[in-house]
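User: I have a model open here and would like to talk through its layout and a few local details. Could you go over it with me?

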Amino acid sequence: MPRGAESLLEVLAAHDVEVVFGLPGVHNLAIWEALRRFPGIRMIGVRHEQTAVYAADGYARSTGKLGVAVVTTGPGAANTLGATGEAWSSGSPVLVIATDIPSTLRQPGVHRGVLHETRDQKAMFGPVTKAAFDVPAAQELGACTDKAVQQALQSPHGPVYLGVPTDFLSADVPHHTPVKTEQADLVPDLAEAAELIAGARRPLIWAGGGAARSGAGTAIAALAAKLQAPIITTYGARGLTDSRWVVRGPVHAPPVGRLWDEADLVIAIGTDFDGMMTQNWLQPKPRNLVAINIDKAEANKNYPADVTVEGDAAAVTAALAVAVAGKEAVVDVDAVNAEVRTLVETDSPEAAKLLRALEGETATIVADMCIPGYWIGGFHHVTRPRGLAYPVGWGTLGFGFPAAIGAAVGQRTIAVVGDGGFLFACGDLATLKQENLPLTIVLVDDGGYGMLRYDQQIAGHAISGVELTRPDFAKLAESFGIPAVTLDGFDGLREELAAAAGPTMIVVNAGLRPPINTSPRWYRKKAT
């Protein structure tokens with residue numbers, strides 16, 4: 001019989017897990033010992049538990065596979081909560097495996113003072129996970145791991161917590177062979193949706209993160225071509241398709257917002273119309289709305305649909321593209337995109353330089369919640385699925401660099417971060433060097449928390465708490481053995497990115513004005 005730690009790894013491997021991110025602790029060392037004898041799974045050891053989950057999230061977003069984080073008990077588990085919340089809000093399939101105190105020392109409802117003990121560790125994860133499980137007995141470890149993996153990967157995707165008492169890892173347990181179940185892509189009746197589409201003169205397609213996670217890009221491109229309809233993508237759907245009908249800017253830009261206002265039908269695919277994309281629902285309700293979503297309640301919670309088609313976004317959209325009749329183009333998408341480009345050049349010539357430096361970039365880009373990240377999330381033209389990871393789900397500052405560590409496993413990656421957010425996890429420069437990952441960090445240094453500085457300025461407040469003491473970032477990187485270069489402004493960034501190989505840092509000394517897709521600059525305002 002295998003030990004519990006071996007059974008856990010066997011189940012993960014059966015689900016095609018090839019890499020996990022983790023940090024060892026006294027309660028989970030048995031997993032490290034089992035990994036030593038289990039060459040099929042690569043452990044990337046990080047320097048903070050939050051990094052482990054961010055990296056698992058970045059890996060999941062960039063590959064579509066399960067991201068796995070292994071952490072220790074109590075404070076180790078608690079350190080993951082911010083990153084787990086981001087994965088939850090963004091619908092990332094992540095499994096957080098945390099050990100707990102030995103079952104033999106636990107007394108239900110009593111805090112005894114065991115090392116790392118929490119009264120109810122699983123309860124901490126309830127608000128920020130799709131599901132949370134504690135393994136009740138050593139013999140059930142394999143089955144519980146299997147159940148947790150399947151939950152994370154089943155649509156709608158999301159993070160799952162698995163708590164394992166440490167003594168179960170060294171116990172003899174039975175083998176567990178997972179039986180993979182495939183979700184049936186059943187297509188419901190499309191007659192009502194097709195009827196609404198038939199009567200529309202100016203249809204608009206709105207594609208969200210659920211569409212991206214289902215791989216609906218090809219189907220959406222086919223539907224857009226049939227209807228000659230523009231495609232607006234949310235932050236989570238950037239790069240879903242490179243169709244000529246994709247609008248290359250956010251709905252927060254007036255030329256794009258007009259498409260929403262003028263549409264007589266919106267076809268919403270895999271989206272819940274969150275506040276960040278709708279300027280906190282100041283966008284008027286569509287005149288007619290068809291919603292395609294795996295979850296009917298999610299599809300209707302913000303803008304009630306006239307017709308809801310419940311099912312997999314890719315399967316339903318593909319069937320709909322066949323079912324509807326073709327239309328003549330009413331919107332000139334090329335003209336809208338040209339208007340957006342002019343807006344960017346006029347609003348911030350420096351931001352335009354950043355975007356031009358990334359134009360045509362084939363690397364995965366991971367952007368943090370910082371001003372350059374806001375420009376990229378809104379205006380960078382992503383040309384392939386999963387080509388951009390952006391933490392707009394929960395808006396977790398500090399996501400960019402550690403998530404890029406996960407994205408960089410097996411593929412070239414660029415992390416665009418600010419000086420403030422990078423310092424959240426700068427110790428993981430050690431991980432980057434140790435694993436020799438193909439990650440280039442573009443660190444834009446504007447002297448502190450630039451977005452918050454802007455908030456204080458427009459409110460007429462004194463600048464306070466946002467100017468930061470920073471290290472010499474290039475020397476910091478070099479102290480870890482990572483080559484670094486410093487630029488004044490974005491001129492030369494494209495050439496430096498082309499020359500970068502392996503772990504690299506490019507420090508850019510520059511300040512940027514926040515773009516119009518940040519809330520202080522939203523153009524839709526409440527009536528006064």
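This is a predicted model: local features need pLDDT of at least 70, side-chain atom pairs count only at pLDDT 80 or more; totals for chains, interfaces and linings use all residues.

User: Fine, which domains does the assignment give?

Analyst: The domain assignment divides the protein into domain 1 (4-170), domain 2 (190-335) and domain 3 (348-509). Taken over C-alpha atoms, the centres of domain 1 and domain 2 are separated by 36 Å.

User: What does UniProt place at residues 375-507?

Analyst: The UniProt record, an unreviewed entry, places the feature "domain: Thiamine pyrophosphate enzyme TPP-binding" there. In the model, the span 375-507 is 36% helix and 18% strand, and its end C-alpha atoms lie 18 Å apart.

User: Let's go to the helices. Which residues of α2 are buried?

Analyst: In helix α2, which covers residues 29-36, the buried residues are I31, A34 and L35. Viewed down the axis of α2, these residues fall within an arc of 100 degrees, so they line one face of the helix.

User: And what do they pack against?

Analyst: The buried residues of α2 pack against helix α1 (4-14) and against the strands β2 (42-45) and β3 (67-71).

User: Since α1 came up, is S7 buried or exposed?

Analyst: S7, which is found in helix α1, is buried, with a relative accessible area of 1%. Leaving aside residues up to four places away in sequence, S7 touches P2, G142, V173 and P174.

User: Switching topic, how many aromatic pairs are there in the whole structure?

Analyst: A search of the whole structure finds 13 aromatic pairs. One of them is formed by W260 and Y303, whose ring centres are 5.8 Å apart and whose planes are at 45 degrees, so the pair is tilted.

User: Why tilted, and where do W260 and Y303 lie?

Analyst: The pair counts as tilted because planes under 30 degrees apart would be stacked and planes over 60 degrees apart would be edge-to-face, and the angle here is 45 degrees. W260 lies in helix α11 (residues 254-262), while Y303 lies in the loop between α13 (296-300) and β11 (307-310), so the pair ties together parts that are 43 residues apart in sequence. Both W260 and Y303 are buried, and together with W206 and F273 they form one aromatic cluster.

User: What about W375 and F379, what is the geometry there?

Analyst: The rings of W375 and F379 have their centres 5.5 Å apart and their planes at 40 degrees, so this pair is tilted. W375 and F379 are four residues apart in helix α17 (residues 371-379), and they are therefore separated by about one helical turn. W375 is buried, as is F379.

User: On to the cysteines. How many disulfides does the structure hold?

Analyst: The structure holds zero disulfides.

User: Are C144 and C370 buried or exposed?

Analyst: C144 is buried, with a relative accessible area of 12%, and C370 is buried as well, with a relative accessible area of 9%.

User: Now the backbone. Which residues does a cis peptide bond join?

Analyst: A cis peptide bond joins S155 and P156, with omega at about -5 degrees. P156 has its place in the loop between α7 (141-153) and β6 (160-165).

User: What is phi for D16 and H116?

Analyst: For D16, a residue other than glycine, phi has a positive value near 70 degrees, and D16 lies in the loop between α1 and β1 (19-22). H116 is not a glycine either, and its phi is positive at about 70 degrees. H116 is found in the loop between β4 (94-100) and α6 (121-125), and it is partly exposed, with a relative accessible area of 26%.

User: Last one, where does A499 lie, and how far is it from V46?

Analyst: A499 lies in helix α23 (residues 493-499), where it counts as exposed at 60% relative accessibility. A499 and V46 are 453 residues apart in sequence, and their C-alpha atoms are 27 Å apart in space.

Technical notes:
Residues are numbered from 1 along each chain as its sequence is written. Side-chain values use heavy atoms; hydrogens and water are left out. A disulfide is a pair of cysteine sulfur atoms within 2.5 Å. Buried means under 20% relative accessible area, exposed over 50%, partly exposed in between (1.4 Å probe, protein chains only). Domain bounds come from an automatic or database domain assignment. UniProt positions are given in the numbering used here, feature names are shortened, and annotations may be inferred rather than shown by experiment. Helices (H or I, at least four residues) and strands (E, at least two) are DSSP runs, numbered from the N terminus. The arc is that of the directions from the helix axis to the C-beta atoms. Contact means heavy atoms within 4.5 Å. Rings of Phe, Tyr and Trp (its six-membered ring) pair if their centres lie within 6.5 Å; planes under 30 degrees apart count as stacked, over 60 as edge-to-face and the rest as tilted.
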